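Hi,

Here is the structure I promised to pass on. Have a look at it first, and then read my notes below.

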Amino acid sequence: MQHDILKFLDSSSGAVRLLSVDFARAFDKIPHSGIVTSCIRFGLPREAIAWIVDFLSNRFQRVKCKDSYSSWSPVSSGVPQGSVIGPLLFCMFVDNINVVCSNSSIFKYADDVSILHFVRSSREDHLQQELDNIMIWSESQNLPINFSKCKVLDVVTRKDLTLAPVSASNGDNIPIVTSITLLGVTMSSDLKWNAHVDTIVKKASKRIFLIRNLRRADCPLSAMFHAYSSFIRSVILYAYPSFCNAPAYLMSKLLVLERRVLRIMTGGKDHTFPSLTDAGEHVCQNLFQRVVSDASHPLRRCFVPRTCRTRTTKLLQPIQAKTTRFSSSFMRFGR
């Protein structure tokens, strides 16, 4: 999504409208009949469909309040949360949600559905049609939309561009926000990473008490580093390839946080642990290698294949970017 936004704004001025749609208790409300229909549409073997039907059938639930229990009730919809196949079944169920405008793209990940609408002029702004189409689909599938959690993020490069409000079925306008969190990544309308970096710094800082407690308990240094890598560094490196080229003053906030934790663990002494920068570079390089080695990788379309034979053995070439912002995306790892 980030790449498509930057690519569009690199080639022309206008706006990119991001509509985030939230379904109310999506995993609990999808009808079992719709899941079976999706399995048939995907061409699954009859044996697999029969296994899925058996997996979803004859499930019951009850409610516990202190020492009291309610009576058992059958579960006639939804997929078991926490199961491996649950998110896959949901993805198959929402696969037939499509855009209706040629200047729109849809991104789906489990119950997160987002639409990018590319607008060069006010006449091309048809985001309301996209929401209307999703509302029609949700009503037909008995999967209601939680409009209180739906949001619109506008990335605008033309000051004279007027964008129309987007209304829900109850007549209320979908709120337009300056930042939005998608799958744990905070995207801002100015395409800067300040909000995301501040968020992960706050989240990681709240976990430093764990390292302090391990230090007071005279825990071995190697064990403390494993705890730091699992509970703190993992938060910092989450989705690192998307913001790896953030300005130096933002990346320094992450390095300051790591130095603070390392001082607690080592007492200021030297250590041989890999740095946050090296760990982040390793994450990005691993992602790029997966993209290069797999022609069907979802990110492969973001890279430009080489069309001429040169002495280099690289299959991909740098993207042709007019703006620094686009050239400084995660694409640098493909060069």
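To begin with a question: are H7 and H11 roughly parallel or roughly antiparallel to each other? Please keep in mind that this is a predicted model.

Two packed helices are described by the angle between their axes and the distance between the axes. Here, helix H7 covers residues 194-205 and helix H11 covers residues 248-266. They pack at an angle of about 5°, and their axes lie 10 Å apart. Angles under 35 degrees count as roughly parallel, so H7 and H11 are roughly parallel to each other. On the H7 side, the contact is made by Asn 194, Val 197, Asp 198, Ile 200, Val 201, Ala 204 and Ser 205. H11 contributes Tyr 249, Leu 250, Lys 253, Leu 254, Leu 257 and Arg 260.

Next, the surface. Tyr 109, Leu 183 and Tyr 238 make a nonpolar surface patch of about 340 Å². Of these, Tyr 109 sits in strand E6, which spans residues 104-109. Tyr 109 has a relative accessible area of 54%, and because exposed means over 50%, Tyr 109 counts as exposed.

Ser 179 is partly exposed, at 28% relative accessibility. Setting aside neighbours within four places in sequence, Ser 179 is in contact with Leu 153, Thr 186, Met 187 and Ser 188. Val 304 is 125 residues away from Ser 179 along the chain, and the C-alpha atoms of these two residues are separated by 30 Å.

Enjoy exploring!

Best wishes

Notes: Residues are numbered from 1 along each chain as its sequence is written. This is a predicted model: local features need pLDDT of at least 70, side-chain atom pairs count only at pLDDT 80 or more; totals for chains, interfaces and linings use all residues. Side-chain values use heavy atoms; hydrogens and water are left out. Patches are made of residues with over 30% relative accessible area and no salt bridge: like charges are joined within 9 Å, nonpolar side chains (Val, Leu, Ile, Met, Phe, Trp, Tyr) within 5 Å. Accessible areas come from the Shrake-Rupley method with a 1.4 Å probe; for residues, only the protein chains shown count as cover. A salt bridge is a side-chain nitrogen of Lys or Arg within 4 Å of a carboxyl oxygen of Asp or Glu. Helices (H or I, at least four residues) and strands (E, at least two) are DSSP runs, numbered from the N terminus. Buried means under 20% relative accessible area, exposed over 50%, partly exposed in between (1.4 Å probe, protein chains only). Axes are lines fitted to C-alpha atoms, for helices over the stretch in contact, and angles run from 0 to 180 degrees between N-to-C directions. Angles under 35 degrees count as roughly parallel, over 145 as roughly antiparallel, 65 to 115 as roughly perpendicular and the rest as oblique. Contact means heavy atoms within 4.5 Å.
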